[in-house]
Structures are given as structure tokens and as C-alpha cells.
Amino acid sequence: MAVTRREFVSTTLAGLAMLDSGLAWADPAQAIAPGATLGAEDGYRLWLRYAPLGSQAEVYRSAVRRIVVEGSSPTADVTRTELASGMAGLLGVAVPAGRDGIQAGSVVVGTPATSSAIRGLNLEPALKALGPEGYIIRSVRVANQPVTVVASLGEVGALYGAFHLLRLVQTAQPIATLDVSERPKVTLRLLNHWDNLNGTIERGYAGRSLWNWASLPDTLDPRYVDYARANASIGINGAVVNNVNADVRVLSPEYLPKVAALANVFRPYGVKMYLSANFAAPVRLGGLTTADPLDAGVLAWWKAKVDEIYRLVPDFGGFCVKANSEGQPGPKDYNRNHAEGANMLAEAFAPHGGNVIWRAFIYDEDVDPDRAKRAYIEFTKLDGQFKPNVLVQVKNGAIDFMPREPFHPLFGALEKTPVLAEIQGTQEYLGQARHLVYLGTMWEEFFKADTHVKGPGSTVGRTLDGSIHPSRVTGIVSVVNPGLDRNWSGHHFSQSNWYASGRLAWNHELTARAVADEWTRMTFGNQPATVDTVVDMMMRSREIFVNYTMPIGLHHLIGGDHYAPMPQNAKSQRADWTATYYHQASKDGIGFDRTMRGNGAVGQYAPAVRDRFDNLQTCPEEFLLWFHRLPWTYRVKSGRTLWEELIVKYYQGATDAAGLQTTWQSLAGRVDPQRHKEVADRLVIQVEHAAQWRDQILTYFQQFSGMPLNPPAGSSAPPVSRGV
Ligand code: GCW
């Protein structure tokens with residue numbers, strides 16, 4: 001699919017050629033999207049719209065007269081182009097760019113190695129402290145001229161700084177007296193794509209896969225560049241491009257050149273290539289008779305394979321492995337444990353500096369009757385046995401990306417093994433691409449949750465960034481689903497989850513509100529009334545979703561599509577894929593007893609957390625039925641019975657979903673018509689399905705509670721539901 005310049009100012013090869021030949025954007029109208037901010041927009045440009053700031057542009061013009069990015073590396077080139085085109089779009093004037101020519105009002109970008117101006121500022125000690133991806137942005141004088149300097153030890157760090165400066169202008173922040181120092185809190189900030197080689201995406205809701213394997217490596221869709229730009233703008237530094245339910249063919253000589261071609265596109269943007277590997281590849285691809293990790297032939301096969309990959313992709317990041325989970329092959333097929341499996345692969349990567357990312361999403365039924373307990377039991381036993389380049393990737397919660405889960409007890413529990421968090425931006429269980437649900441608030445709750453493993457303040461975020469258990473490698477990974485839908489994410493607001501996952505991976509201490517505010521300004525403009533309204537909708541959206549689907553600690557009330565309510569779901573290949581396994585509703589009550597008097601799952605947390613969840617008086621009500629089994633008549637803090645409280649929550653959720661719709665309607669005329677209509681159309685579906693969730697769940701549970709289903713005062717009686 002061709003993307004024209006008028007649609008998206010992209011750092012395509014044509015753009016680079018223009019700059020290289022010394023041409024600045026002579027006529028911004030040729031290079032930049034048309035001026036009218038309220039013209040139809042299709043969402044393709046994500047948060048990098050660079051739409052004209054109008055009258056607000058004036059204050060920036062004197063500070064952004066020229067872009068100077070010394071050096072001629074691919075990263076320097078894309079940095080120059082991004083700044084020139086971005087600023088020109090925002091300011092509505094041509095902004096010349098080059099490798100030299102510092103004058104008053106220049107933006108000077110580079111590293112001490114590439115830029116004499118930056119060398120002259122003696123920033124090196126400060127830059128060293130920030131590392132190659134960190135950066136400084138400062139308003140300084142160079143040759144007695146006022147300039148803005150964006151400096152980093154590394155060129156990708158300088159690119160991140162350039163995106164930061166662009167963000168400041170996009171969000172209408174002052175830039176006259178800047179003194180910014182940034183460094184990422186974790187070393188790996190990755191995306192996981194669950195894309196299959198046939199173009200489908202597992203749990204993807206935004207069209208087919210971005211990766212056109214059939215036309216790679218010869219044809220490079222311009223979209224690959226825009227994908228990499230979007231990632232660099234939020235600090236993402238690696239992508240696992242194929243599904244963890246991995247097709248072995250991705251490791252074949254036919255596919256590896258295709259992978260290398262993609263890696264070449266991503267490289268200038270600092271996005272490293274990773275692949276999901278199928279543990280049985282030595283058999284299925286290599287023709288060996290075994291994939292036993294302790295077999296010398298198997299190790300030799302993997303070593304040769306990994307060497308082959310590094311010949312094509314010298315900066316390859318590593319493998320992500322889903323082993324012995326949901327039918328995938330793994331070391332247990334040979335009576336070996338997860339450490340033996342992971343270590344064998346790690347040995348193949350060691351000479352190259354690559355990592356093996358081993359997923360902890362395992363839940364073998366023979367380990368414990370409760371799925372929530374299984375991964376902790378298996379992995380805590382193996383702590384200390386993994387090689388240094390094995391990283392264990394743990395989902396935020398112990399079940400599976402539920403609308404609300406307590407944090408996984410493995411966070412903070414592994415002292416000797418690097419642990420990466422896996423969060424999910426695809427909204428698999430959170431309305432997919434149909435419901436407006438901003439996940440920044442969910443992730444803030446997760447990163448700030450206190451594990452207490454080293455006393456109070458041992459937040460999940462601090463277990464991840466090495467503050468609690470120092471670690472060579474740290475990381476946060478988000479499963480995302482950008483696809484070929486014109487707006488990448490299916491729902492315009494789902495873009496915010498891709499955005500927030502990157503921003504929070506960079507700094508898990510950012511607030512969800514601050515991230516929503518940035519995203520809204522960049523996506524819908526800086527009009528205060530619009531910003532306030534949209535941010536408010538986003539901030540409330542996840543709780544609203546929880547309320548109309550799975551409030552008070554309920555979880556997994558779905559069927560196989562992970563979208564529609566199916567509390568009656570009692571039959572599946574496995575008990576832990578049903579809904580009844582989790583809610584356990586009967587005449588006596590509802591909920592899963594994971595207390596110390598029940599199955600003891602709370603005992604997997606540090607004592608302070610264990611006791612808090614264990615005790616009915618202190619267990620947060622949002623987790624009540626996750627940890628406790630209670631009679632329908634149990635009195636919650638509001639004084640209502642549990643049954644009445646469920647009714648109130650479900651009604652509140654459905655009512656608030658309708659409220660989101662009304663609020664969005666009030667933005668007609670403030671948001672461009674195309675995106676306004678597309679979001680409005682989705683809200684119609686959301687409101688209808690929220691009511692259906694409410695009615696189906698409440699009518700189902702009423703057969704057990706045996707109590708009246710009286711809508712709360714002021715609400716209408718539930719309509720008879722059609723299925724979602
Ligand atoms: O959430 C579940 C999904 C599966 C997914 C699995 C996993 C890729 O329903 O589709 O498989 O998790 O994370 O491995």
C-alpha cells in the first residue's frame with residue numbers, strides 16, 4: 001500500500017534523498033499534510049500527526065529556525081528528516097535542515113562523537129550517567145547564538161531526544177528554557193506481535209498482519225518505516241515480530257532473509273529484531289529425531305541456527321519462547337525442566353550477546369488444581385538455575401490479562417533471575433477493538449502495586465527496573481496488535497494503548513493521566529476543552545469496563561472469543577478454560593477461596609500482601625471474589641449485600657458506558673468528522689454490549705442468589721438481552 005506524502009510525512013527514502021541533496025522542504029504544502037486540522041483524518045498518522053499549531057505556532061518559530069544534525073548515519077538521517085518535517089508541519093513554515101550551519105534558533109542534535117558543538121558543551125559526564133539511550137535537551141548558547149541542544153551518548157538516544165522535543169511542541173509546552181534529562185528505567189522495551197506467517201493475527205483486532213511475508217524481502221511496504229518511527233517516538237527498542245505460538249518456518253533459510261530485510265528497516269530507529277522460536281524446530285525444521293535440550297546434536301543445531309541468524313541480522317535481539325504451554329512443545333516433552341530448556345538456547349546465544357526470553361505463561365494441570373498458582377510454583381523452584389542471558393517474561397497477572405487482576409506473585413519473588421513484565425495492549429479481554437478502554441490506568445495500578453518483597457515500597461515497577469533485585473537486563477514487554485487497518489489499531493482509542501505501553505515502559509512512574517494527556521494532545525489537538533473531555537473519558541474507561549463485565553474480583557466470565565459474556569461456560573477441553581471454574585457460583589455463594597483457609601494462593605505473596613488479601617477486612621473490594629468465596633448476603637463496605645453490590649456495579653458500568661457515548665457526542669465539531677464518526681460508531685456497539693453484559697451476567701447469577709434483581713433506584717428495568 002503506497003502512502004503519499006500528503007497523507008503522512010514519512011521518512012521514506014525519497015525524503016532522505018531530498019535532504020541529502022541539500023533540499024529543504026521548499027514548499028511545505030508539498031511535504032506536509034494539509035493545514036485544516038478539522039479536515040477528515042483517518043488515524044493513519046497515529047500520534048505523529050504534526051498538525052499545524054495555528055496561532056500557537058508563533059512562539060516556537062524563533063526557537064526552531066533550522067535543524068542541524070551532524071553525521072550521516074542512517075539514524076542521524078532519519079532524525080534530521082523527522083525533525084524537519086515534524087516542525088514544518090507543526091509550525092506551518094519550512095524548517096531547513098542540514099548537517100551544519102548553526103545559527104540563532106537552531107535545534108542541534110547529536111552525540112559527542114558526531115557533533116563538535118555538543119563536544120564543546122562538556123556534557124559527557126552527564127550523558128554517561130544517562131547511558132546510550134538517555135538524552136539531554138537544553139537551551140544553551142553555541143558560538144554565542146541561542147540554540148536548543150539535543151544530546152546523547154548514542155545516536156538512538158539523540159533520536160529519542162528529538163522525538164521528545166517534537167512532543168513538547170506537539171503538546172504546546174514551552175521550549176524556551178529547556179533543561180531535560182531522561183533515561184529509560186528499563187533496558188528492554190519490547191513489543192510482542194502475535195502475527196502468524198499466513199497474515200492472520202492471534203487476538204488481533206485491527207486487520208491482517210503488517211508483515212507481508214510473501215513480498216519480503218524485495219518489497220518494503222512504507223508502513224514498515226512508519227511502524228518503526230512510531231515505536232522510536234515512544235522509546236520501544238525491540239519487536240518480536242511473530243506469534244509465540246510459533247511457526248518453525250520463520251527460522252528457515254526462506255524466511256530469515258525476509259526477517260533481515262525488516263530488521264534493516266527497523267535498525268535506524270533503534271528497534272531490534274527478535275523472533276519467537278518453536279522449541280521443536282530441530283525436529284520440525286531440522287529433521288532431527290529429538291529436540292531434547294540435553295542432546296548434543298540438538299544444541300549443535302540451535303548453535304548453527306543462531307549463528308545463521310546473526311550472519312543476516314548482526315544485532316539480533318534474541319528469541320521469545322512459549323514452551324509447554326497451551327500445546328506448544330518444550331523441554332518437559334523430554335522430562336527436562338524449563339531451566340534446562342532455556343539454558344540450552346541461551347548457550348547458543350551467549351557468543352552473540354543475545355537473550356532468551358522464556359515465558360512464564362505456563363499452567364500445567366498436574367502442578368496444582370488452581371491455575372493461578374502454577375507458574376509461581378514451577379519458577380520459584382528454578383530461581384538461580386537459569387543462565388545469565390535467560391530472562392523470564394511474566395504476564396501482569398497470574399491468570400491471563402483479565403480486566404482486573406492482582407499482580408502476579410512472581411514479581412519480586414525471583415531474586416536471581418531477570419524478570420520482564422508482559423502487559424497486553426490488544427484489549428483481548430477488554431473489549432478488543434470495539435470498546436473504548438484506555439489501559440494506562442490498569443498499568444499504573446500494576447506498576448505501583450506494592451509487592452513488599454523488600455519491605456514497603458517494593459512496587460512491581462521497582463522489581464522490574466532492578467531497584468529491588470539488581471539485574472543486568474530489565475524490561476517491559478507489551479503484546480500489541482497493530483495491523484493493516486488504516487488506523488493501525490482498529491479503534492482510534494486503542495492507539496493510546498500502544499502509545500502508553502511504550503511511554504510506561506520508558507518510565508513506569510509516569511502517571512496514566514500524564515500519558516493520556518500527551519496522547520490526546522498529539523492525537524486530537526491542544527484545544528483545552530477537547531483535551532479535558534477526552535482525558536477524562538480515558539481515565540474512567542477501564543473502570544467502567546470492569547464494572548459492566550467483571551467487577552469485585554470476578555474473572556474469566558467469557559467463552560472462547562474472550563469478548564462476550566458466557567458465565568455459564570462450563571465445558572471446555574480444560575476446566576481452567578471455563579467460566580464456572582473461576583466464579584463457582586452456587587446457592588451458597590460465589591467466588592474462589594484463595595485464602596490461607598482455602599487453597600492458600602495468597603501465600604505466594606510476601607507476608608504483608610498475603611495478610612492484606614487474606615483478611616476480609618483488608619482485602620481491597622476490587623479483588624474480593626478473586627480471593628474470597630462469600631455468601632450472596634455478605635455485607636460489603638457500602639452496607640449492601642454482595643448481590644446488591646453486584647447489581648449496582650453492573651448498572652453503574654452500563655450507565656457510564658452510555659455516558660461515554662454522550663460525552664463523545666459533545667465533541668462533534670471539535671474532533672475531525674471522520675474520526676469522530678468512527679469512534680461514535682464503536683460507542684454504539686459498546687453501549688449495547690455493556691447492557692448485554694449486565695443483563696446476561698445478572699440474570700445468570702440470579703438463579704443462584706435467588707434474590708430479586710431490582711435495578712438500582714433511577715435505573716430502568718433490564719431489557720431482555722440478545723447475545724453479544
Ligand atoms: O491469552 C491467551 C490467549 C492466547 C495466547 C496465550 C499466550 C498467543 O488467549 O491466544 O496465545 O494467551 O499468551 O500465549
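**Ground rules.** I'm working from a predicted model, where local features need pLDDT of at least 70, side-chain atom pairs count only at pLDDT 80 or more, and totals for chains, interfaces and linings use all residues. Residues are numbered from 1 along each chain as its sequence is written, and side-chain values use heavy atoms, with hydrogens and water left out.

Next I checked some atom distances. Between an oxygen atom of the ligand and a side-chain N or O atom I found 2.4 Å for Glu 202, 2.7 Å for Glu 428 and 3.3 Å for Asn 245. A polar contact here is a pair of N or O atoms within 3.5 Å. On its own the ligand has 340 Å² of accessible area, and the protein covers 98% of that (Shrake-Rupley method, 1.4 Å probe).

**Entry 1: the barrel.** Which strands close into a barrel? I traced 8 of them, in the order β7-β8-β9-β10-β11-β12-β13-β14, with parallel pairing. Strands are DSSP runs of E, at least two residues long, numbered from the N terminus, and two of them pair if DSSP finds at least two bridges between them. Neighbouring strands of this sheet are turned by 25° against each other on average, direction ignored (axes are lines fitted to C-alpha atoms).

I then picked out some pairs. β10 (318–321) and β11 (355–359) are parallel over 4 bridges, with Val 321 partnered by Trp 358. β12 (390–395) and β13 (419–424) also run parallel, again with 4 bridges, and Lys 395 has Glu 422 as its bridge partner.

Entry 2: Buried means under 20% relative accessible area, and 5 of the 5 residues of β11 are buried. Asn 355, Ile 357 and Arg 359 are on one side, Val 356 and Trp 358 on the other. In a regular strand, side chains alternate between the two faces of the sheet.

**Entry 3: Ala 51.** I found Ala 51 in the loop between α2 (28–31) and α3 (58–61). Is Ala 51 buried or exposed? Ala 51 counts as buried because its relative accessibility is 12%.

How values were computed:
A polar contact is a pair of N or O atoms within 3.5 Å; within protein, one must be able to donate a hydrogen and the other to accept it, and residues adjacent in sequence count only if both atoms are side-chain atoms. Axes are lines fitted to C-alpha atoms, for helices over the stretch in contact, and angles run from 0 to 180 degrees between N-to-C directions. Buried means under 20% relative accessible area, exposed over 50%, partly exposed in between (1.4 Å probe, protein chains only).
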